[in-house]
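Here's a quick briefing on aromatic contacts and a few related side chains. Have the structure open while you read.

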Amino acid sequence: SFMPPFMRVNPILTPDWNYSHVWAFLQRFDLKYCKLYDEGYTSLGTTKDTLPCPALKKDDLDLSWEEDTGNSIHSGECDGEYWPAYMLKDWDQERAGRIKKEK
């Protein structure tokens, strides 16, 4: 086969679930997920078309709060630090980190 073996699992089949339901489920049952979600990625594609979600980028106020409280979150690899995917407030921004392909 020309494709490497992998398994994609989509266990949530109800149309009633939204982005926050998925994250609540993962956290409630302490389920494992890709660590990139902790680095600000909200939608994973290839290494050429996926960046951390800009809606999760930390600003200076966020970083000073983190220093003052001693709280830390994993940082992304691209130009700054990002909050984890489960902190996304505007669920319509889930795919905002995907680079549009030229046609």
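What follows covers ring pairs, charges over rings and one lysine in a loop.

Keep in mind that this is a predicted model. Searching the whole structure turns up six aromatic pairs. One of them gets a closer look here: tryptophan 23 with tyrosine 33, whose ring centres are 4.8 Å apart.

**The Trp23–Tyr33 pair**
- The planes of tryptophan 23 and tyrosine 33 sit at 90°, and edge-to-face means over 60 degrees, so this pair is edge-to-face.
- Tryptophan 23 belongs to helix α1 (residues 19-28), while tyrosine 33 is in the loop between α1 and α2 (60-69), so the contact ties together parts that are 10 residues apart in sequence.
- Tryptophan 23 has 6% relative accessibility, so it counts as buried.
- Tyrosine 33 comes in at 30% relative accessibility, so it's partly exposed.

**Charges over rings**
- Arginine 28 lies over the face of phenylalanine 29, and the distance to the ring centre is 5.4 Å.
- Lysine 58 does likewise with tryptophan 83, lying over the ring face at 4.4 Å from the centre.

**Lysine 48**
- You'll find lysine 48 in the loop between α1 and α2.
- Along the chain, lysine 48 and isoleucine 99 are 51 residues apart, yet their C-alpha atoms are separated by 8.1 Å.

Note on methods. Residues are numbered from 1 along each chain as its sequence is written. This is a predicted model: local features need pLDDT of at least 70, side-chain atom pairs count only at pLDDT 80 or more; totals for chains, interfaces and linings use all residues. Side-chain values use heavy atoms; hydrogens and water are left out. Rings of Phe, Tyr and Trp (its six-membered ring) pair if their centres lie within 6.5 Å; planes under 30 degrees apart count as stacked, over 60 as edge-to-face and the rest as tilted. Helices (H or I, at least four residues) and strands (E, at least two) are DSSP runs, numbered from the N terminus. Buried means under 20% relative accessible area, exposed over 50%, partly exposed in between (1.4 Å probe, protein chains only). A charge sits over a ring if NZ of Lys or CZ of Arg is within 6 Å of the ring centre and within 35 degrees of the ring normal.
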